[in-house]
Amino acid sequence: MRLEVRCEDRVGMAMEILDLLVPYHIDMRRVEVNSRVGCLYVGFDDIEFKQLTQLLADIRRLRGVADVKTVQYTPSEREQHVLHTLLEALPDGVVAVDLKGIITMATQQAAEDVSSSLAQMFGQPLSQFIPSINFERLDWQTFQHGVTKRVRLNGQLMLLEMQPYFVTNENAINVCAGGVIYIRSAQRLGRQASSLRKAPDAEHALQGFMEPSVCRSVAMKRCLTFAHAYVSIDSPMLMTGEFAVGKKRLLDAIFHAWQQQNLEFESAIRYVGGAALTSETLTEYLEQGGWLAIDDVERMSDSCQGLLIDWLKEQPSRLYQTQAPCRVIGLSRLSDESLREQDHLRDELYFMLSSYQLHVPPLRERKDDLVGLSREILADAGERSGESPISLSEDAMALLKMHHWPGNLKELESCLYQARHIASGMQIETSDLPLEVGETMPIALIGGSLDKTVKAYEAQVLRKLYPQYPSTRKLAKFLNVSHSSIANKLKEYGIV
């Protein structure tokens with residue numbers, strides 16, 4: 001039972017109320033004062049209605065009492081339950097200790113993390129459940145900005161985020177009263193990151209790599225799907241793609257997403273040339289941890305390849321490491337088929353690195369992305385120069401889509417930068433683009449439609465090439481596109 005007494009804030013009021021409880025042999029459970037609203041709360045076991053009626057009347061007769069009534073809970077009880085509900089709703093475990101390292105509060109998830117029950121934890125030293133840290137000797141006052149520590153609990157790698165808490169005394173001075181420990185697990189972090197990736201998030205490193213308006217092509221969407229998946233995978237990777245397709249930009253985005261998910265903000269990514277590596281420098285890089293990206297990996301010397309093969313064989317699972325292991329990524333401009341056929345890269349190293357493969361498509365396979373990419377490049381150029389962004393005419397955009405782009409993103413950037421300076425107005429025309437236009441290339445829009453114009457040109461090209469490569473497989477290989485894509489296009493245009 002709880003009583004709320006609205007009364008004056010005067011010395012002796014609480015004692016007078018407590019004196020009235022003595023004749024009823026009431027065992028007090030709690031006394032609470034809220035001077036801000038002028039209330040005093042008392043809690044005790046239930047009594048008979050007749051006794052309660054007499055007690056309420058006696059309290060009302062006290063000087064300074066405005067009202068008294070029964071309530072279901074006191075303000076502090078409500079706050080404690082709100083806090084408890086909030087902490088239990090968190091995905092990770094929370095434990096609070098006093099200055100001696102004794103547990104004063106814990107959540108059910110925290111009890112599960114240390115393989116105990118809440119009843120067994122309260123009042124016990126936290127070091128009894130997490131022996132790798134001597135909590136009773138921690139100087140919490142020195143952890144003003146918090147501290148993190150890697151530990152292993154029940155065979156799982158956990159991250160403890162420890163933060164002191166302070167209580168304000170009567171002199172308005174903050175006094176350290178203990179600490180709060182937040183227990184994070186890599187598995188739970190992975191689930192949370194997976195949930196975040198399912199929802200739109202412009203701040204996420206990989207989401208920010210390319211806006212949805214830019215990434216429209218099937219090839220690039222597939223590439224980003226594989227990139228997202230690699231964030232949660234602890235393995236080497238082989239990333240392939242032609243010159244200037246954006247391999248390093250994408251790898252940087254994957255790395256930053258991995259940092260956020262695993263709280264590895266001290267780790268770094270290093271890019272080194274395969275041809276420049278020696279056994280000594282490679283050993284040094286591998287010992288430093290973080291991510292090691294080897295550009296032109298097929299140009300590594302035989303001794304470096306042998307060293308890397310041995311190192312990859314000896315790497316244990318991250319489950320048994322308290323420090324984040326080094327992750328090796330091989331970068332190559334060669335296609336997967338070319339890497340397997342050439343003699344420079346050992347087969348054993350190729351298969352080790354290609355345990356996870358990521359192919360970044362060339363620009364010619366991303367024609368649907370050209371509109372968004374062009375707008376992004378021109379907007380960025382305008383920002384750098386402090387000028388308004390310039391646009392592209394429909395005819396100019398049609399010409400961009402008809403180009404083969406052997407130089408990929410670098411060629412597109414150079415093309416648009418030059419056209420931007422040549423354009424006389426606020427719109428780039430076909431004459432401003434430094435691209436050669438064949439006599440048979442249709443520049444005027446067909447039926448006022450960009451898609452119809454591009455398809456007409458595509459059909460014209462395929463009709464000329466098909467007699468020279470009279471099978472869908474030969475033509476697909478020559479154009480470096482999928483067999484099914486060419487077969488569908490030949491059928492669509494009535495060529496076969």
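Phe255 lies in helix 9, which covers residues 247–262. The structure is a predicted model.

**Phe255 and its surroundings**

- Phe255 has a relative accessible area of 2%, and it is therefore classed as buried, the cut-off being under 20%.
- Leaving aside residues up to four places away in sequence, Phe255 touches Ser267, Ala268, Ile269 and Trp291.
- Val231 is 24 residues from Phe255 along the chain, and the C-alpha atoms of the two are separated by 7.5 Å.

**Helix 11**

- Helix 11 comprises 13 residues (302–314), which should span 18 Å at 1.5 Å a residue; the end C-alpha atoms are 19 Å apart, in agreement with that expectation.
- The buried residues of helix 11 are Cys304, Gln305, Gly306, Leu308, Ile309, Trp311 and Leu312.

**The largest pocket**

- The volume of the largest pocket is about 1,100 Å³.
- This pocket is lined by 30 residues, of which Arg364, Lys367, Glu458, Val481 and Lys489 are the closest to its centre.
- By type, the lining consists of 13 nonpolar, six polar and 11 charged residues.
- At least two lining residues come from each of helix 8 (218–230), helix 15 (394–402), helix 17 (450–465), helix 18 (472–479) and helix 19 (483–492).
- Helix 17 provides the largest share of the lining, with eight residues.

Methods. Residues are numbered from 1 along each chain as its sequence is written. This is a predicted model: local features need pLDDT of at least 70, side-chain atom pairs count only at pLDDT 80 or more; totals for chains, interfaces and linings use all residues. Side-chain values use heavy atoms; hydrogens and water are left out. On a 1 Å grid over the protein atoms alone, a cavity is a set of points where a 1.4 Å probe fits but cannot get out, and a pocket is an open set with protein on both sides within 12 Å along at least five of seven lines; lining residues have an atom within 4 Å of a point. Grid points are joined across faces, edges and corners, and a volume is the space filled by probe spheres set on the points. Helices (H or I, at least four residues) and strands (E, at least two) are DSSP runs, numbered from the N terminus. Ala, Val, Leu, Ile, Met, Phe, Trp, Tyr, Cys and Pro count as nonpolar, Asp, Glu, Lys and Arg as charged, and the others, Gly among them, as polar. Buried means under 20% relative accessible area, exposed over 50%, partly exposed in between (1.4 Å probe, protein chains only). Contact means heavy atoms within 4.5 Å. The expected span of a helix is 1.5 Å times one less than its number of residues.
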